[in-house]
Amino acid sequence: MADSEKNQERSIALRAGFYIFGTHVFAGFVWLLFYVGSHAHK
C-alpha cells in the first residue's frame with residue numbers, strides 16, 4: 001500500500017511540474033510574439 005501511495009504522489013508531482021513548466025514555456029512564447037511584434041519595422 002505504501003509503495004503505491006508513494007508512486008501516486010510522485011506521479012502527481014511530476015504531472016504538476018510538467019504543467020507548470022509547459023505553462024511557462026507557452027507564456028514565454030506568447031511574450032516573445034508580442035515582443036517581436038512590437039519591434040517589427042512598419
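This is a predicted model: local features need pLDDT of at least 70, side-chain atom pairs count only at pLDDT 80 or more; totals for chains, interfaces and linings use all residues.
The secondary structure of the chain consists of 1 helix and 0 strands. The helix, H1, covers residues 2-38. Computed along the principal axes in the computed sense, the C-alpha trace has a span of about 65 × 5 × 5 Å. Of the 42 residues in the chain, 0% are buried. The accessible surface of the chain amounts to about 4,300 Å², and 69% of this area is supplied by carbon and sulfur atoms.

Separations between individual residues illustrate the layout of the chain. Aspartate 3, a residue of helix H1, is exposed, its relative accessibility being 63%. Between aspartate 3 and leucine 33 there are 45 Å in space, C-alpha to C-alpha, for a distance of 30 residues in sequence. Isoleucine 12 also belongs to helix H1. With a relative accessible area of 47%, isoleucine 12 is classed as partly exposed, because values between the limits of 20% and 50% fall into that class. The C-alpha atoms of isoleucine 12 and histidine 41 are 46 Å apart, and the two residues are 29 residues apart in sequence. For phenylalanine 29 and arginine 10, which are 19 residues apart along the chain, the C-alpha separation is 28 Å.

A nonpolar patch is present on the surface, formed by Phe29, Trp31, Leu32, Leu33, Tyr35 and Val36. Together these residues have about 650 Å² of accessible area. Phenylalanine 29, one of the patch residues, is located in helix H1. Its relative accessibility of 47% places phenylalanine 29 among partly exposed residues. Tryptophan 31, another member of the patch, is exposed at 55% relative accessibility, since this value lies over the limit of 50%. Tyrosine 35, which is likewise part of the patch, has a relative accessible area of 41% and is therefore partly exposed.

Another aromatic pair is formed by tryptophan 31 and tyrosine 35, with 5.3 Å from centre to centre and 20 degrees between the planes. This pair is stacked, because planes under 30 degrees apart are counted in that class. Tryptophan 31 and tyrosine 35 both lie in helix H1 and are 4 residues apart, which corresponds to about one turn of the helix. Both residues of the stacked pair also contribute to the nonpolar patch on the surface.

Key:
Residues are numbered from 1 along each chain as its sequence is written. Side-chain values use heavy atoms; hydrogens and water are left out. Patches are made of residues with over 30% relative accessible area and no salt bridge: like charges are joined within 9 Å, nonpolar side chains (Val, Leu, Ile, Met, Phe, Trp, Tyr) within 5 Å. Accessible areas come from the Shrake-Rupley method with a 1.4 Å probe; for residues, only the protein chains shown count as cover. A salt bridge is a side-chain nitrogen of Lys or Arg within 4 Å of a carboxyl oxygen of Asp or Glu. Helices (H or I, at least four residues) and strands (E, at least two) are DSSP runs, numbered from the N terminus. Buried means under 20% relative accessible area, exposed over 50%, partly exposed in between (1.4 Å probe, protein chains only). Rings of Phe, Tyr and Trp (its six-membered ring) pair if their centres lie within 6.5 Å; planes under 30 degrees apart count as stacked, over 60 as edge-to-face and the rest as tilted.
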